[in-house]
Every structure is written in C-alpha cells, then in structure tokens.
Amino acid sequence: MGFRSLLELKDGTYTVASIAARAGKSEAYVYSRVKLTDLTPPVAEAFLNDKITAGHALLIAKLPAAQQQEAFAASFRSMWTSEGNTQVLIPVRELAAWIESNIL
C-alpha cells in the first residue's frame, strides 16, 4: 500500500524505478506489490492474516474482481484429519493450473 501511495503523489516524484532503487528491490517486485492492492477486501484480509501466501495473492490479484472470490475459494482443499474436516491451502502451482483451466 505504501508503494501505491508513493506512486499516486501528485508531484510525480516517485516512479516504479525510483522506488525500486530506494527500496533495494527489483522493479518487478515493486509492480507485483502494487498489484496486491487490487485484491478484493475479503481476499486482501486473508492475505494480511497469513491465510494465503504472497504467491497465491499475486495470482488472484491478476484476476478481475468478479473472479477473485472464486479463485480464493479454490485455493483451499478439504482434508480429513484427526481434528475433523479442515481446509488446507493448495500449492501455488496447483492454483495457477486451476485458474488456467477454470477461469482463463
């Protein structure tokens, strides 16, 4: 959110390149973190509460808002454990494949 705030300043002082240089990160890193601000509120909340990883969040953030909730729900698999039925986060590659076959 901080990167996006800097980019939206009216004086135009900051660019992705200047932010990346000052933060010691690549431009791709800055772009991807700015993209995370496009998450719908429920998905953003899950990301901020560490229910999904940055990889999951980045995949979901690339989707239109109408499809983000569907992809978020597909990020979990029901699994029976000794504690009963629990939701387990699937690997990022699995989510990418699911998005490719079900949404794109």
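What follows is a set of questions and answers on this predicted model.

In this predicted model, local features need pLDDT of at least 70 and side-chain atom pairs count only at pLDDT 80 or more, while totals for chains, interfaces and linings use all residues. Residues are numbered from 1 along each chain as its sequence is written, and side-chain values use heavy atoms, with hydrogens and water left out.

Q: Why are H4 and H6 called oblique to each other?
A: Helix H4 (residues 41-48) and helix H6 (residues 65-74) pack at an angle of about 40°, with axes 9 Å apart. Axes are lines fitted to C-alpha atoms, for helices over the stretch in contact, and angles run from 0 to 180 degrees between N-to-C directions. Under 35 degrees counts as roughly parallel, over 145 as roughly antiparallel, 65 to 115 as roughly perpendicular, and the rest as oblique. H4 and H6 are therefore oblique. Pro42, Val43 and Ala46 of H4 make the contact (heavy atoms within 4.5 Å) with Gln68, Gln69 and Phe72 of H6.

Q: What makes S1 and S2 a pair of strands?
A: Strands (E, at least two residues) and helices (H or I, at least four) are DSSP runs, numbered from the N terminus. Two strands pair if DSSP finds at least two bridges between them; S1 (residues 76-81) and S2 (residues 84-89) have 6, in the antiparallel sense. Phe76 has Leu89 of S2 as its bridge partner, and Thr81 stands opposite Gly84.

Q: Why is helix H5 described as largely enclosed by the rest of the structure?
A: Buried means under 20% relative accessible area, exposed over 50%, and partly exposed in between (1.4 Å probe, protein chains only). In H5 (residues 54-61), 6 of the 8 residues are buried, so the helix is largely enclosed. The buried residues are His56, Ala57, Leu58, Leu59, Ile60 and Ala61. These pack against helix H3 (27-35), H4, H6, S2 and helix H7 (92-102).

Q: What makes a set of residues a nonpolar core, and which members touch the most others in the largest one?
A: A nonpolar core is a set of buried Ala, Val, Leu, Ile, Met, Phe, Trp, Tyr and Cys residues joined through side-chain atoms within 4.5 Å. The largest has 17 residues, of which Leu39, Ile60 and Ile99 touch the most other members. H5 gives the largest share, 5 residues. Not counting residues up to four places away in sequence, Leu39 touches Ala44, Phe47, Ala57, Ile60, Ala61 and Gln68.
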